[in-house]
Amino acid sequence: MALFFYLQIFFHCLGSLSGFFFEPRGENANRATHGLAVAASTCGVVFSLGVLLSGGVLALEFHGSLPVGTLRFEVAPFSAFFLFVISFLSLAASVFAFGYTREYQGKKSIALLGFFYHVFILAMLLVVTVQNAFYFLLFWELMSLASYFLVIFEHDNPDARSAGTLYLIMTHAGTALIAAAFWLLFVHAGSFAFADFRTASASLSPALKNIIFLAAFLGFGTKAGIIPLHIWLPRAHPQAPSHVSALMSGVMIKTAVYGFLTFLFHFLGQPSGWWGNLVLTAAILSVLLGILYALMENDLKRLLAFSSIENIGIILLGVGMALVFQSARQPAYMVFALAAALYHVINHAVFKGLLFLGAGSVLSETHTRNLEGLGGLIRRMPWTAVFFLTGALAISALPPLNGFVSEWLTFVALLLGLDSSEVALHFFSPILAALLGLAGAMASTCFVKAFGIGFLGCPRSERAREARETGASMRTGMGILALSCFALFFGAPRVFTLL
């Protein structure tokens with residue numbers, strides 16, 4: 001099984017250079033780049049599923065001359081889950097990219113796009129598997145820089161350049177805070193190895209734990225796009241090519257969830273009582289304000305980016321409740337809340353990836369993201385309309401689609417607060433559940449608007465009237481994710497048990 005992990009790394013390394021073996025702006029560069037991306041992601045899906053189902057662990061060590069400890073990679077079920085989410089969405093996005101990037105042929109370097117695309121995915125994979133803080137920051141920075149160059153790929157657009165600059169500033173501010181949290185652990189543990197951090201956690205003073213928690217929360221919260229650290233996200237995500245936007249919103253911001261959970265449950269041990277309250281406060285603000293911003297948007301990709309803020313908030317509601325239950329020493333409830341959060345991690349990756357690919361399909365045919373310039377696309381692009389509608393229903397948490405399952409589980413986790421030993425939760429948990437219900441209603445309204453204005457009625461522009469259905473590769477990429485929305489609903493008992 002380990003062979004598939006090695007092949008995934010090899011195909012990404014080869015794929016990053018393969019486009020330069022051909023005419024950089026030609027069809028062959030497109031085929032080589034994205035063909036190897038599909039091969040790499042397929043290997044990742046097979047490998048991570050194997051680890052998840054067997055419960056095994058793969059460990060690799062490389063001894064170097066740098067005085068920062070061993071470069072160790074470890075794929076245990078927790079990291080395999082994130083490896084699977086990254087690989088699966090990368091598979092669908094790479095299939096979609098075959099057709100989508102044809103519009104760049106003869107105009108821009110597809111080889112350069114492919115280079116940063118492979119480096120971006122590879123860096124995310126290494127972030128969720130490396131077991132050394134120094135190398136974690138190295139791969140984290142590589143992921144940030146690769147995604148920056150993807151955001152400004154259409155650099156002749158001033159909006160892309162300004163969005164990229166803001167993204168670079170915010171992501172480095174977040175990285176500085178994460179580095180500070182790691183440094184404090186290093187000073188105490190005397191090593192950059194994650195295993196030594198875990199060993200030293202029992203002897204951390206409460207004050208030091210609180211400082212490390214705040215630095216990690218703000219650092220990873222910046223990358224996740226929680227409010228009020230979100231200002232870069234709705235500007236940067238829409239500027240990237242649409243298959244990259246799907247990965248940035250679908251999985252890149254989830255690497256921040258991985259990092260934050262690693263700090264909480266591997267490095268810091270028993271939490272202080274207020275940690276969960278802070279996470280819950282930031283979560284519910286992100287849920288409500290994120291969907292309100294989305295509701296006001298007419299730019300289709302910005303609308304989707306704002307709704308990612310809402311969904312990160314939903315994930316953090318589960319994480320916050322897990323912290324509260326851990327602080328109250330109610331491990332069964334803690335596990336339930338954390339499993340609900342992880343279920344929404346994969347569900348959001350699937351339906352948000354589908355929606356961004358659907359928006360990319362519309363953009364490739366109409367060359368506009370403005371909903372006011374669309375209309376009537378259901379007759380001209382029926383497959384895209386069906387796939388986008390599937391994603392819209394899933395993100396609105398309607399059965400029989402995956403978004404319903406994880407949001408329902410989050411509701412249950414919030415209402416379990418009524419049975420908590422924390423008396424304050426008896427009052428606040430039903431309020432949080434009610435606010436989540438309000439956000440769900442607004443999300444439904446938002447996507448009724450997006451689908452209704454974009455796909456129904458009559459065309460409101462010449463480009464909308466001339467739109468045609470996209471090619472087979474783009475439909476296949478969307479179809480993989482649309483089917484997965486149903487699979488994650490009907491397979492919920494098995495998936496939840498696994499989580």
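How many positive and negative side chains does the protein have, and how far apart do the centres of the two sets lie? There are 26 positive and 21 negative ones, with the two centres 3 Å apart. Here Lys and Arg count as positive, Asp and Glu as negative, and His and the chain ends are left out; each charge is placed at NZ of Lys, CZ of Arg, CG of Asp or CD of Glu.

A quick word on the model. It's a predicted one, so local features need pLDDT of at least 70 and side-chain atom pairs pLDDT 80 or more, while totals for chains, interfaces and linings use all residues. Numbering runs from 1 along each chain as its sequence is written, and side-chain values use heavy atoms, without hydrogens and water.

Okay, the overall picture. We've got 20 helices and two strands, which are DSSP runs numbered from the N terminus (helices: H or I, at least four residues; strands: E, at least two). Along the principal axes, the C-alpha trace spans about 65 × 55 × 40 Å. Of the 499 residues, 62% are buried, meaning under 20% relative accessible area with a 1.4 Å probe, protein chains only. And for contacts (heavy atoms within 4.5 Å) between residues at least 6 apart in sequence, 81% join residues at least 24 apart.

Now let's zoom in on serine 396. You'll find serine 396 in the loop between α15 (382-395) and α16 (402-415). Buried or exposed? Serine 396 is buried, at 9% relative accessible area. Leaving aside residues up to four places away in sequence, serine 396 touches Ala443, Ser444 and Phe447.

Methods: Buried < 20%, exposed > 50% of the residue type's maximum accessible area, 1.4 Å probe, protein only.
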